[in-house]
Amino acid sequence: MNQDELDNRILDRGRQFFAAIGDERPSLFNKSAWTGKIMDACMQDEHFKVQLFRFIDVLPYLTTGDAFSRHLDEYFGHEESLPAVLKWGLKGLGWGGSFAQAAVSAAMRKNLAMLARDFIVGATAPETVARLQTLRDQGFAFTVDVLGEATISEREADEYAAGYQQLLSALGQAQRAWPALGGQGDGFDWGQAPRINVSVKPSALFSLADPADTEGSVQGMLARLKPLYRTVVALGGFLCLDTEMRRLKNITFALYRRLRADPEFRAYPHLGLALQAYLRESDQDADQLLEWARREGLPISIRLVKGAYWDYETVLARQSGWPVPVYTVKAETDAAYERIAERILRNHDMCHFACASHNVRTVSAVMELAHALAVPAHRYEFQALYGMAEPFRKALRKTTGRVRLYCPHGRLLPGMAYLIRRLLENTANESFLRQTFVEGVERDRLLESPRGMLARVAAEQARGAPARESGGEGSFRNEAFPDWTHAETRQAYVRALGEVRGALGRTYALSIGGQDIHTDDREPSVNPANPDEVIGSVCQAGPAEVERAIGAAQEAFPAWRDTSPSDRAAVLVRAAAAARRRMFEFAAWQTLEAGKQWTEAYLDVAEAIDFLEYYAREMVRLAAPRPMGNVPGEANEYFYEPKGVAAVIAPWNFPLAISCGMCAAAIVAGNTVVYKPSRATPVVGHTLLQIFQAAGLPSGVFNYLPGRSRVMGDVLVEDPRINLIAFTGSMETGLHIIERAGRTLPAQRAVKKVIAEMGGKNAIIVDDDADLDEAVPAVMRSAFGYQGQKCSACSRLIVVDAIYARLLERLLDAARSVRIGPAEDPAYFMGPVIDRSAQEKVLEYINLARQEGRIAFASEIPDSKGFYVPLTIATEVPPDHRLAQEEIFGPVLSILRARDFDQALAWANATCFALTGGLFSRTPSHIERCRREFRVGNLYINRGTTGAIVGRQPFGGFKMSGMGSKAGGPDYLLQFLDARVVTENTMRRGFVPFEELRVADVMRTR
Ligand SMILES: Cc1cc2nc3c(=O)[nH]c(=O)nc-3n(C[C@H](O)[C@H](O)[C@H](O)COP(=O)(O)OP(=O)(O)OC[C@H]3O[C@@H](n4cnc5c(N)ncnc54)[C@H](O)[C@@H]3O)c2cc1C
C-alpha cells in the first residue's frame, strides 16, 4: 500500500474513532468536577500552574494543619487572594480561627487526595486488587506499577522489591477467580496474554546505578530483578521494564537482554521493555533489539511510548553541554513513533507489540499499519494510562478489544512525583488530549500525518522564520560533561588509564626559562590507593632554583607584557585545544595520582579548559581602553597592564583546574609565572606545563617548580621580585602567606598583591519541608564526593527538628550503601584521601567525634595499604564544637539538630568561614531569607554545594575563606592587573578637535 493510501485509511479510522468517543470528556477535563476545574485553571494561568505543582510536590510533607496553612499562604497568598478554585468545597466554613483553618486544610487535602486517586489505582494490595477486578469486569487488562520514592539506598531498593512480591502474591491469589478476557478459556487474556502483568522501574532496584559503571549497575539491578521475575514466571505472568531517563536507558536494555537470555528464563517469552520514540537514537535501538532477538532466537515484546521525561532530558542536556537527545518538534516524535511502530510490526513474528498512546492519530496509524501488514491480532495490543482519557480508552476497547491499563499502585506520598508528571503531560500545550478535549482543535487537523506536518513546518522555516538563537563563534561555552552512556566514552577512559599506567615512574624535571632542570633531590609521587605504585619521580626545587625561576620569569616579562592581549588570549585558546585533545589522558593521571573518580577527574580537566577559554575572552573584553569623562579638551583613557612576576601556589584537590585557572589568569593578563604545584600532585601539575608548551607559550612565561613548601615556599613568597601571589589551599597556609607577603624587603619595588582562596566549613540547611529524595543524594555527593576533599564540600548538616529523624534514617541508609575502593574502578563512590598525613588528620577528628559526640555511622574501609578513612557521620555535635568549626578536608559530616529554621540559619552563619552554603526547602519565604542572610560566597538552593561551573557559578568566599574575587567570574582578571589612566590635554592654543566638542554636546543633552 502506498503512503497516500495508508494516510487516507488512517484518516478514516481516526474519524471513526472520534465518532466513537463522541462528546464525552475525560474526567480530567470535566469542569463540573474539582479535578477539571483545577486543570482548567492550570491551563489558563501558567503562574498558578507552577505554584500548584510546587504545592502538590511539597504536600506529602505537610503533616500538620499548621504546616498546610503556612504553605497555602506561602504559595497562594492569604484568604482574600486564594484562587477561587482552591476554595472549592469549602463553602460555609469561614476562614480564620484555628477550627476553620483545620477544616479548610482537611477539605483541601481531601480534594487533592481525590486528584491523586484519579491516577493511582489503590494504596494497599486489597484495594488495588479490588479495583483491578472492576477494570477487568469492564473488559480492560492491566499492568500494575508499584510507586516508590526515589531509591536512594539499598534498603529502599529491597523494600521496593518486597512491595512487588507482596502485590504479586495478592494478584496470584486473585487471578484464580479471573476469567480470561476475550472469551477464550485457556487462562490467557485474548488467547495469549498473561492475566498478571507488572511494570517495573529498574532505577528503583539499585540505588548505585551509574552509567560509568554500566556492568555493575546491570548486576545490581539483576540481583533484585531475578527473584521478582521468578515469582512472575511462577504465576504465569508478564513483566515489563519501564524505560526512564536516558542515562539509564542502555543499562535497562542490557538488563533486559541479560534476563531474557538467562538459561533459567529463555523458554519463557513474557518479558517486555519500553522504547521511547522521542529519543533520536530510538530508530537504531529498535533495529538493534530486533536484530538481537532474531540472532538469539528469542521472541521479545516492546511497548512503544513517546516518552515521559521530555522536559528533564532537554534541561539536562542544555546544562551538561550535550546535544539535546530528544526531538524538539512534537511532530518529529509522532513521526518517529509511526516509523518505529512499522518496524516492529514488520517483525511481528519475533516481537510482540504494545502500542501505548492516547493519541488518536498515533493509534489509528498503528491499527492501519497492522492491518496493512496482516499482523495477527494476538501479536499486538493497546495500552493507556489509568485515570487518563476514559472516553478514549472505552472507544479503543470497543474498536480493538485489546486494551491494557497502566495502573500505579501505592501510597500518596511516593505517588506525588508520578502525579505531577501526569499533570504536566496533560496540561502541556502539545498534549494530544489537551488539544482534543480542551482546545477543540479541528479533528482532521489532529489526524494529519506527522510527516505532512513536518513538511509544513520546514516550509514555514524556509519562508524566513527567525534562525535559532546562537551564541556565535566567539562566545564562551562550558566544556560538556562526560556522557558515560556511550560505551566509547567508557572505553576511552579505561584505555587512558592503561596508557597512563604504562607511563608511570618517569622522572619529571623542573622547567625554568623553557629548559628542563634536573636536581638530585627527587621525591616520588604515589597513588593514594596504592602507595607502592609510584606515579613519577619529581625533581625538587630548592632556593637556588627558585632564584633562577624568578629570574627567568622576570626576564620574560617585558616581552610578554607587550604582547597584544589578543595574542595572549590566542595562546590560552590553543592551550584549551591541546587539553581537549588529551582530555582522557589528563583525567586518568588525576585518577591515579589524586584518587579522583572518573567523573570528578574528567570535570577537573573540563574546568581547566573552561578557565582557559573564559579568561581568554575576558582579557579581550578588558583590553579595550575605556575613554573616561566627556569634557572637551582632554582625552582620558583607562586601561590595564600586568603586575609582573606571579607566584602561583596550587592545591592538590583540583590539581589541574585550579592550577590552570590561577596560571591562565596571570598569563593572559600579561604576567609571567612561577608555578609551584602541590607536593601531592606534581605529575598532574606537569600536565599543565605540557598544555602551555603545546600552545606555544614563549619560554620563561610559565616556569614549573615543584618543591617542598618548607624548603622553597617562603623563599618564593618573600622574593622582592614577586609582585603577585595567587594561592589556593588551607587557611593555615593562606594566612602564613599573607603574613609573609606583608613584610616589605628593602629591594622590593611593589606591595605584593595576594589572592588567597582558603577553606570553609560549609553547611547545608535541611528545612522541615525539604524534598528528601533530592536532599539526601545531594548531601551525600556534597559531603563525600571526592572523599569530602573539595573546598566547597558540605561538612555541617543543619537539620530542622521536625524532619530530623526522617532525614537521618534515609541518610544513614544511603551511607551504608556506599562502596569504597580505588577511584579507577567506577563501582566505587569513594576512594582514598590524598596522603598519609591527611589520613592521620582525618582519623584524629573521627576519634574526637567518637570521644565527644556520637558516631552515627562509620563505614568499613578496604583492607589495603591505601590512604582510606571511613565515611563518617557524627550526630549530636554542638554548634561550637571543634567538629563543627574546623575544616577537616575528609569524609566526615557533622549533623546539628536545630530547633527551627531561625536557629538553623544562625548556626549556619556561626563560623569564621564564608565559602559555600546550601539550603533544601520548599518554603518560599525561607528561600528568600537565605538569599539575603545566609552569608557565604556561593549559596546553593535545593541542590548540592559542589561543582561550581566557570562563568555560571563564579566561585570563592570571604571572611576566613579567602580574599580575592571569584574565580571564573567577571572580576577575577582584574586582580592580576593594575589600572592606569592617561589624560591628554587635547587643546592647542584654544583649538579643540571638532569631534570632541560634538560628543560632549551630545552627552550633555541626554
Ligand atoms: C501504558 C503506558 C506506559 C508508559 N510507559 C512509559 C515508560 O516506560 N517510559 C516513558 O518514558 N513513558 C511511558 N509512558 C508515557 C508516554 O511516554 C507518554 O508520555 C504519554 O503516553 C503521552 O503520549 P501520547 O502519545 O499519549 O500523547 P501525545 O500528546 O501525542 O504526546 C505527548 C508526548 O509527545 C512528546 N513531546 C511533547 N512535546 C514535544 C516536543 N516539543 N518535541 C518533541 N516531542 C514532544 C513527549 O514524549 C510527550 O509525552 C507510558 C504511557 C502509557 C500509556
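**Entry 1: ground rules**

I am working with a predicted model, where local features need pLDDT of at least 70, side-chain atom pairs count only at pLDDT 80 or more, and totals for chains, interfaces and linings use all residues. Residues are numbered from 1 along each chain as its sequence is written, and side-chain values use heavy atoms, with hydrogens and water left out.

**Entry 2: around the ligand**

Next I looked up pairs of N or O atoms between protein and ligand. A backbone N or O atom of Gly307 sits 2.5 Å from a ligand oxygen. The side chain of Glu425 places an N or O atom 2.8 Å from an oxygen atom of the ligand. A polar backbone atom of Thr328 is 3.2 Å from a ligand nitrogen.

How much of the ligand does the protein bury? Taken alone, the ligand exposes 920 Å², and the protein buries 93% of that. I noted that such areas come from the Shrake-Rupley method with a 1.4 Å probe, and that for residues only the protein chains shown count as cover.

Helices (H or I, at least four residues) and strands (E, at least two) are DSSP runs, numbered from the N terminus.

**Entry 3: salt bridges**

I counted 74 salt bridges in the structure; each is a side-chain nitrogen of Lys or Arg within 4 Å of a carboxyl oxygen of Asp or Glu.

Arg922 lies in the loop between strand 27 (916-920) and helix 33 (924-933), while Asp57 belongs to helix 3 (residues 46-58), 865 residues apart. Arg922 counts as buried at 8% relative accessibility, whereas Asp57 is partly exposed at 27%. Buried means under 20% relative accessible area, exposed over 50%, and partly exposed in between (1.4 Å probe, protein chains only).

I then found Asp189 and Arg136 in a salt bridge, with closest N and O atoms 2.9 Å apart. Asp189 is in the loop between helix 7 (154-175) and strand 2 (197-200) and Arg136 is in helix 6 (residues 125-137), so this pair ties together parts 53 residues apart in sequence. Both Asp189 and Arg136 are buried.

**Entry 4: strand 27**

Is strand 27 enclosed or open? Five of its five residues are buried, so strand 27 is largely enclosed by the rest of the structure. Thr916, Gly918 and Phe920 are buried on one side, and Gly917 and Leu919 on the other.

I also looked up its partners; two strands pair if DSSP finds at least two bridges between them. Strand 27 pairs in the parallel sense with strand 21 (residues 762-766) over four bridges, and also with strand 28 (residues 938-941) over four bridges. Gly918 is the bridge partner of Ile764, and in strand 28 the partner of Gly918 is Tyr940.

Key. Polar contact = N/O pair within 3.5 Å; in protein donor to acceptor, adjacent residues only side chain to side chain.
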